[in-house]
Each structure stands twice: as C-alpha cells, then as structure tokens.
Amino acid sequence: MLPTYGLRRVNSGRPWLQNFRRSSIFSSAIPAIQDAEESQFDKPKPKTQSYFPKRGQTLELVCESLAFKGKGLCKVADTGFVVLCDRALPGERFLGRVTRKKGNYAEVSKVETLSPHWDIVDAPCEYASTCGGCKTQNLLYEAQVRAKEQQVRELVIHVGKFSEKDPEFSSIMKSIVPCDIQFHYRNKMEFSFATKKWLPKELLHEKEDGASAYALGLHAPGFFDKVLNVNKCFLQSEPANAVLAAIQECWRDPQLGLSPYDVHSHDGFLKHLVLRTGRDVKTGLPELMVNFVTSSYKPELLKPLVQKISTIPEVVSIVNNINTSVGSTSVGEQEYILHGKSTITEILRGLAFQISANSFFQTNTWQAEVLYKLIEDCADLRGDGSEIVLDLFCGTGTIGLTLSRRVRHVYGYEVVPQAVSDARRNAKLNGICNATFVEGDLNKIGENFGKDFPKPDVVISDPNRPGMHMKLIKFLLKLKAPRIVYVSCNPATCARDLDYLCHGVVEQNIQGCYKLKSLQPVDMFPHTPHIECVCLLELC
C-alpha cells in the first residue's frame, strides 16, 4: 500500500511552491470556466516590450509544477510571465519555443532538455516518450499524486473560492488516495487502424510504403490521421496484450485483403480494435471481448483474425460493430456476434455487471472499488431501507445499484439510451427491484423535473467533464436534499459547481445553501493527468 502525501508535505518538500503565485491556471483549458480567464494570473505591469514573449522565440525555462491537464508550468526569467509546456516535468530545465500566446500566458513546445526533472525514473514502456496515453511514466509515482493533489487544492481555492485560511479547510481537503496498481489497470483500450504510421523526427528517414506503412495503435498527439504503431500497452491486461500481438502478426498480410480506413479518402475497411477485459462471475478469471469496428459488414474478411484470436483462452466474445460514418467514433450502428457471447461480466462491490461492446463502465475496476466505497461513506446511509437516492448521470447504474441494498429506492437519470438499457438489465441480473432508471437529458430539464420521484435524502451527481448545467444546479438548490455527493472527473468544473452550490451566483441572484464537508481526490489513472474527486455537501 502506497503512503498518502498530505498538503503540508507538498509545500515543505519543494520551497518554490511556497512562493508560487497561486492562480486558477488549471482552468485555462476548460471552456466551462472561461469567465475566470482574465483573473488566472497575477499580471505585473510590463517594464519593457520584451515582457511578452514573441511567437517563435526560444526561451530557457525551468518547470515549476504541473498545471491542470498535465502541462508543465514555467515562468520567464526576470518577468515572471507564465508559459505552459506539454511533457515538461517539475525541475526540468529546457529550451522551449513559443507556439502561441493567450494574453496572460503562452504555450511553448520543448526543443531540448538541458537538465532532467526531479524524481526521475525509467519509464517501462518503449512508447512513453511519444504516446499521448502516459505522459508522466518517467516521473516517480509519489510525485505524480502530490502534483495532482496540489492541482485540486489550487482549483478549490481559486475557482471554488474556498479560503485556505478557514480553520475547517484543512479537514475538508483530504489527502489524495493513490492507486495500488499503476500498470495494467485499464479494462478497456481502443486502438485505431491507419494508413500512415507516425514516426518521431529521428526516424523519419525510415519511412515505409504500402502495407508496411500501416499502423495499429494510438493516435499520435495532435494528429487525427497518424497513428503510433503499438505492439504492447502497459495500461491494459496481459490477455488483451496477447490479442493485440496476435492481430499485429498477421493483419497486414496482403493475402488477407484487409485495409485500414483512410480518414482523408474515406476508403478502407478496418477502423478500430476495442479490447475489454472482465471477470467470470464463478471463477474470477479474466474474460475478454474483442470488438472490430469496420466501415462495412464483411465477416469473411475478418474470419482469419477471428480464428486466430479465438484460440486465446480468455477470449469469450468477438463482435463486429459497423460504423459507416466518416467520423472516428468506435460506436457502431449495427453489431454482429462473430464468436462466443455478446457480453462479458465484471464484479464490482459484490454485484455482477454485464458489459456490452458499447457500454460505459468504470475503466479501472480495482480503483472503482475504492471510489465507490468513498461514495457510500459520504452518502452516510442509515441502512434501514427508508431512504431515497437520486442518482444523476447514472450511466449503467453502477453507483445506484451498489447503494440499493441499503435504501428504499434509487432513481437514476441518464441521457444515453444504451446505458439506461444496461442499467435495467444489470438490476435484473442482480435481483434488484428497488431501482428505476429513466432516460433523460439533465442539461435540458424543465419545470416538471422532480415530480416523478419523492424528495431524495441523498443526491449522487456524477457528471461528465463539462460539469453540471446551471438549470440542474438551480434545481438542486430548490430541491434542498440533505446531502449531495458530487463525483467529478474534472476538478476544474467541479470547483466551479461547488462554488455555485455553496456560495451561489450573485449575478443571477442565486443563493447557495450547501456547505462543503469534505473533498477527496482519488487517482484513478496513474501516469495520466486525470483526477477524480468525491465531494460531500450538506444542507446548511
């Protein structure tokens, strides 16, 4: 079990953090909080015209910290002007070229590292320096979680407007919960087929033609049409890597007649390979679903691949999703079963969940157990079967269903029809009769919303990255449920919504009526900039 790192340790361990101008820099890439952009940085008056770096200018910089979304935060010497650099890590000294300016800060691309960052470790993955999936593999994991915790703290203070001078702040802001498993934790990976293999600059002279230039892997950062060829991914399970390797061995064979989809000409057959890992309910052993996403239905072309990978013991389902659109989505308009069954299962908090090719499910099952336990603790259910739970943005119903055994009824709302269907099926699978799932867009609620269920004792809200719409926030402030458990995958919009619920919105004459009792960051995805938060609000 990894130790947690408190907020004081972050400051005392790195003296420069004490002098760091705390700002809501982490919100700069989040459209939902554009109203805060003008006050993101302390802006001293420029002494000379050179205060603002010019586009194309090369600067020597030192990364001070990780900003939201994992970009390195640096300051120009003498002026303190803020610049952000992708893949720059704390302590790293480097040359950066200014690529664009945004008024009160600029972005740079790294040209050359002059001295390495602090807490450096060897990244086990050969693609770590070029793949966009794990940007911080070469940063000590304990340093990763310290940086994430600090990011959440800054957002809560500067966007959420909660004062760190408040005597209760230290007890409200919890230390981040690290993830015990830092590799092979994802139960779903989506790979893309492409006609052009992306190569780093130093290998451009090795360009290949024809089928040898084809790629199956992950999109190179910043390119929609070029894919980094990947033979093994350290995020997915070993059985999934076995499937990936087996397909890589043969799919380029001209005799098979397979072609990758070309995003420019819209020709080609293979679009995506989606691998999902679950567990057999009886044995607990891994079981795998393989989903080929293609531009048309030609099962005879896929037959050699199906025959090859179906010999892997863990593969229990092979499906084919047909997507005829020119977009890059992996969700098909039609689905065909090529081998085995149509779903796999996963176990979470003692319940079994059936997962179809396009179902949403927590990507890190191991850490989801930790996350859902925190949610249950925050809900503080009496356990006598008397309470009502309103589960907003319920997805496939996983949170509500895990709470259903201790409450009178769960009412879940979700906009995605397939997710609602999965939630109902999972309730039936587990013999749960006190859960109702309704399809509805929570961003477009009307005056009648709330009349179809009794007043809840607990509201669970788990919105996607943009956070909650103002209509929903107004509804919650009018509803006045005793407790709200806010689960967030975006701490920037989470901090904004906490501000609205607790402090109100003066411009709209809206009064807040909740008090933030605890905020718990959780690291669900090691080596990535993503952070989950579980917040408890109680009615004032």
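Reply: In this predicted model, seven strands make up an open sheet of mixed pairing, ordered β17-β16-β15-β18-β19-β21-β20. The edges are held by β17 (435–439) and β20 (514–522); each has a single partner strand, so one side of each is left without a neighbour in the sheet. From one strand to the next, the twist averages 15°.

One of the pairings can be named: Y514 has L539 of β21 as its bridge partner.

Helix α9 (residues 417–429) lies across β16 (409–414) and β17, and runs at about 165° to β17.

The side chains carry the picture further. The largest nonpolar core has 81 residues, and those with the most contacts inside it are F191, V243, L273, V290, F292, I375 and V485. Helix α7 (residues 365–379) gives the most to this core, with seven residues. Apart from this core lies another, of 44 residues, which includes C494, Y500, V505 and C513. In soluble globular proteins, nonpolar side chains tend to be buried together.

Residues up to four places away in sequence aside, V485 touches I375, C378, A379, V458, V459, I460, S461, V534, C535 and L536.

V243, also among the residues with the most contacts inside the largest core, is one of the buried residues of α5, together with P239, A240, N241, L244, A246, I247, Q248 and C250. Helix α5 (residues 238–250) has 13 residues and reaches 19 Å from its first C-alpha to its last, close to the 18 Å expected at 1.5 Å a residue.

Beyond its neighbours within four places in sequence, D499 is in contact with V159, G160, K161, F162 and G504.

As to confidence, the chain has a mean pLDDT of 88, and 89% of its residues reach 70 or more. Over residues 1–49, however, the pLDDT is below 50, although this stretch has 105 contacts in the model beyond near neighbours in sequence. Where pLDDT is low, the predicted coordinates should not be read in detail.

Conventions
Residues numbered from 1 in each chain as written. Predicted model: local features only at pLDDT ≥ 70, side-chain atom pairs only at ≥ 80, totals over all residues. Heavy atoms only, no water. Core = buried A, V, L, I, M, F, W, Y, C linked by side-chain atoms within 4.5 Å. Buried < 20%, exposed > 50% of the residue type's maximum accessible area, 1.4 Å probe, protein only. Helix = DSSP H or I, 4+ residues; strand = E, 2+ residues; numbered from the N terminus. Contact = heavy atoms within 4.5 Å. pLDDT = per-residue confidence, 0-100. Expected span 1.5 Å × (residues − 1). Pairing = 2+ DSSP bridges. Axes fitted to C-alpha atoms, helices over the stretch in contact; angles between N-to-C directions.
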